[in-house]
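Subject: Structure for you to look at

Hello,

Here is the structure I said I would pass on. Please open it beside this message, and the notes on what was found follow below.

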Amino acid sequence: MATEWRKRKRMCNEFIQNMEEATDGTISMKKCSKGDGPLDIETDEVAIKGAREWNKKKLNRPKVMSRGGLKQRNGATPNTGLQPNEKFIGVLLDSKGMPQRVYMDEE
């Protein structure tokens with residue numbers, strides 16, 4: 001999976017670099033990858049930035065009282081296996097090219 005992710009990332013980066021060369025710098029790799037450029041592309045960085053903004057809005061809205069949640073059926077036991085982390089929002093490449101998980105509480 002990491003190999004496919006790197007391949008997709010490399011193809012996207014090559015396309016933007018070719019566009020930067022063809023437009024004499026009008027389209028910039030840095031600006032496009034941060035979401036500030038003339039091309040509206042959804043990179044991992046932009047998706048993570050959007051997820052963080054959404055989380056801040058979610059935390060700032062007033063809390064609503066709920067009537068309860070789902071109850072377990074008779075005889076059901078909770079899953080004790082690997083549980084998903086609710087703070088996980090995405091994956092970025094580190095400086096060595098290895099995928100690293102990004103969580104909500106990281107900046």
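**The first helix**

The buried residues of α1 are W5, K9 and I16. They lie on the same side of α1, because they cover an arc of only 30 degrees around the axis; the arc is that of the directions from the helix axis to the C-beta atoms. An α-helix has 3.6 residues a turn, so residues three or four places apart point the same way.

What covers these buried residues of α1 includes α2, α3, β1 and β2 (99-103). In length, α1 has 21 residues and reaches 30 Å from its first C-alpha to its last, close to the 30 Å expected at 1.5 Å a residue. The expected span is 1.5 Å times one less than the number of residues. Just after α1, D24 takes a positive phi of about 55 degrees.

**Where the model comes from**

This is a predicted model: local features need pLDDT of at least 70, side-chain atom pairs count only at pLDDT 80 or more, and totals for chains, interfaces and linings use all residues. Residues are numbered from 1 along each chain as its sequence is written, and side-chain values use heavy atoms, with hydrogens and water left out.

**The chain as a whole**

The protein chain has three helices and two strands, which run α-α-α-β-β from the N terminus on. Helices (H or I, at least four residues) and strands (E, at least two) are DSSP runs, numbered from the N terminus. Of the 107 residues in the chain, 16% are buried. Among contacts (heavy atoms within 4.5 Å) with a separation of 6 or more, 41% are between residues 24 or more positions apart.

In α3, D44, I48, A51, R52 and N55 are the buried residues. They cover an arc of only 100 degrees around the axis, which puts them on the same side of α3. The face turned away from that side carries the exposed residues W54, K56, K57 and N60. Cover for the buried residues of α3 includes α1, β1 and β2.

**Two pockets**

A pocket is an open set of points on a 1 Å grid over the protein atoms alone, where a 1.4 Å probe fits, with protein on both sides within 12 Å along at least five of seven lines; lining residues have an atom within 4 Å of a point. A volume is the space filled by probe spheres set on the points, which are joined across faces, edges and corners.

The largest pocket holds about 250 Å³ of space. It has 13 lining residues, and K9, C12, N13, I41 and T43 are the closest to its centre. α1 gives the most to this lining, with six residues. α1 (2-22), α2 (29-34) and α3 (44-60) each supply at least two.

The second largest pocket holds about 170 Å³. Its lining is W54, N55, K58, L59, E86, K87, F88, I89 and M104. The elements that give two or more residues to it are α3 and β1 (88-93), and the largest share, four residues, comes from α3.

Regards

Notes
Buried < 20%, exposed > 50% of the residue type's maximum accessible area, 1.4 Å probe, protein only.
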